Amino acid sequence: MRLSAENINKKSPYWVIQLDDMLFRFRTKNGITYRVGFQEDKFLKVGNTYNFFITNMDNQNAPRDLDVFKVVSLVLEEFFSQDASVMLYICDPSDHREKARSMLYKRWYENYPRHSELTMRDVEINFSGFIVYSGMIIRNDHPQREQMLAAFDEFVSRAPSVMDVHPKP
């Protein structure tokens, strides 16, 4: 799958540079550089599933910037314009803002003009008291929609017993 920075840049408040088929970079008015993209999923192992990520490359506290949300929304929109689009996400807990990140995914989904064309599974996985926020977003017209949702639900239910996940000290 190849996404298009050209399509994203038609509406983007920041210039987005394509680094690879599904990887982009942009710099904000505050001088913060972000990398955003998708990589093939290695956990669910069914069909064409991709993990979404966004990384602050400068590791600086970034001031609130609604234009970052707009760029991310455009990248997600470009992803879901493709056939067989299945997105997984895990909210990074390293700075204890994982719940806020989960709420951003919900906000994007609810405000996405075509959200009725998608199904979102938003979950909290409990690893012995350590909560991991995660989710899946899939197009409703995906030919394997039901199988993908079932595989995700099974993964979520089994994850605490087969994975050793705990907070970093």
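Contact here means heavy atoms within 4.5 Å. The model is predicted: local features need pLDDT of at least 70, side-chain atom pairs count only at pLDDT 80 or more, and totals for chains, interfaces and linings use all residues. Residues are numbered from 1 along each chain as its sequence is written, and side-chain values use heavy atoms, with hydrogens and water left out.

**Exercise 1. Determine where Asn9 lies, whether Asn9 is buried or exposed, and which residues Asn9 is in contact with.**

Step 1. Asn9 belongs to helix 1, residues 5-9. Helices are DSSP runs of H or I with at least four residues, strands are runs of E with at least two, and both are numbered from the N terminus.

Step 2. The relative accessible area of Asn9 is 15%, so Asn9 is buried (buried means under 20%, exposed over 50%, partly exposed in between, with a 1.4 Å probe and protein chains only).

Step 3. Apart from neighbours within four places in sequence, Asn9 is in contact with Tyr14, Trp15 and Val16. With Val16 there is also an approach of the Asn9 side chain to the backbone nitrogen, at 2.8 Å.

**Exercise 2. Describe the order and the edges of the sheet.**

Step 1. The sheet is open and has seven strands in the order 1-2-3-4-5-7-6, with mixed pairing. Two strands pair if DSSP finds at least two bridges between them.

Step 2. Strand 1 (16-20) and strand 6 (118-127) are the edge strands; each has a single partner, so one side of each is without a neighbour in the sheet.

Step 3. On average, neighbouring strands of this sheet are turned by 20 degrees against each other, direction ignored.

Step 4. Within the sheet, strand 3 (residues 33-40) and strand 4 (residues 49-56) run antiparallel and are joined by seven bridges. Arg35 stands opposite Thr55 of strand 4.

**Exercise 3. Characterise the packing of helix 2 and helix 3 on each other and across the strands.**

Step 1. Helix 2 (residues 66-80) packs against helix 3 (residues 98-111) at about 65 degrees, and their axes are 11 Å apart. Axes are lines fitted to C-alpha atoms, for helices over the stretch in contact, and angles run from 0 to 180 degrees between N-to-C directions.

Step 2. Helix 2 contributes Leu66, Phe69, Ser73, Leu76, Glu77 and Phe80 to the contact, and helix 3 contributes Leu104, Arg107 and Trp108.

Step 3. Helix 2 lies across several strands, among them strand 5 (86-90) and strand 7 (130-139), and runs at about 165 degrees to strand 4. Helix 3 lies across strand 4, strand 5, strand 6 and strand 7, at about 170 degrees to strand 6.

Conventions. Polar contact = N/O pair within 3.5 Å; in protein donor to acceptor, adjacent residues only side chain to side chain.
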